[in-house]
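User: I have a protein model to understand. Please take me through the terms and the values behind them.

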Amino acid sequence: MKTKKLTIVIAIVAMTFIGTSCGNKQQKSVSETTTEQAAFSALGIDSLLANAESLVGQEVTIEGVCTHTCKHGAKKIFLMGSDDTQMIRVEAGTLGAFDPKCINSIVRVTGTLKEQRIDEAYLQNWEAQLKAQATEKHGTDKAGCDSEKKARGETANTPEARIADFRAKIADRKAETGKEYLSFYFMEAISYEVE
């Protein structure tokens, strides 16, 4: 009788031990999987831009080839996707600046996707600044940073031509979608790593 009770107690302890071990193993497996998925879940630039409207304001991780670091203190970089029509500007934000080693490297950035809208009020403000000669000089001349213009699909070379080009694109978009503005997306980095 004592032997039978002892055998039952040993069996219960053994089953509890095995059950606990399997549970831990499964939990560890799920945890490892989640970590691995997080490590590989960076969006490509093409995918980010295709879904940008729905991702505005969200924290995302992206990965692309850095084609340019701003010459004014590396406060922003440009990441390219499948070709040079798929580019996004990434601002350093609270990070201060990016490492110059980013250029021509694959860079993974986690940050918040933001939208800049260009509408008639924005263009009128820009024109007023030009008249007052208060336009911030950025890039190699008053026409602006070449990488910034490329990321936006701009081809104009003077501020006045850029404003006219934006007005034409806003008119086209209004005719197609009813929206009287252009959307340009950029990331504000929280962290980044160079591969």
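User: What makes up the protein, in helices and strands?
Analyst: The protein has six helices and six strands. Helices (H or I, at least four residues) and strands (E, at least two) are DSSP runs, numbered from the N terminus. Along the sequence, the pattern reads α-β-α-α-β-β-β-β-α-α-α-β. The model is predicted: local features need pLDDT of at least 70, side-chain atom pairs count only at pLDDT 80 or more, and totals for chains, interfaces and linings use all residues. Residues are numbered from 1 along each chain as its sequence is written, and side-chain values use heavy atoms, leaving out hydrogens and water.

User: How many of the 195 residues count as buried, as a percentage?
Analyst: The share is 30% of the 195 residues. Buried means under 20% relative accessible area (1.4 Å probe, protein chains only).

User: What share of the contacts with a separation of 6 or more joins residues 24 or more positions apart?
Analyst: Such pairs account for 64% of those contacts. A contact means heavy atoms within 4.5 Å.

User: Which residues lie nearest the centre of the second largest pocket?
Analyst: They are Ala151, Arg152, Ser183, Phe184 and Tyr185, among 17 lining residues. Lining residues have an atom within 4 Å of a point on a 1 Å grid; a pocket is an open set of points where a 1.4 Å probe fits, with protein on both sides within 12 Å along at least five of seven lines.

User: Which element gives the most to that lining?
Analyst: β6 does, with five residues.

How values were computed: Buried means under 20% relative accessible area, exposed over 50%, partly exposed in between (1.4 Å probe, protein chains only).
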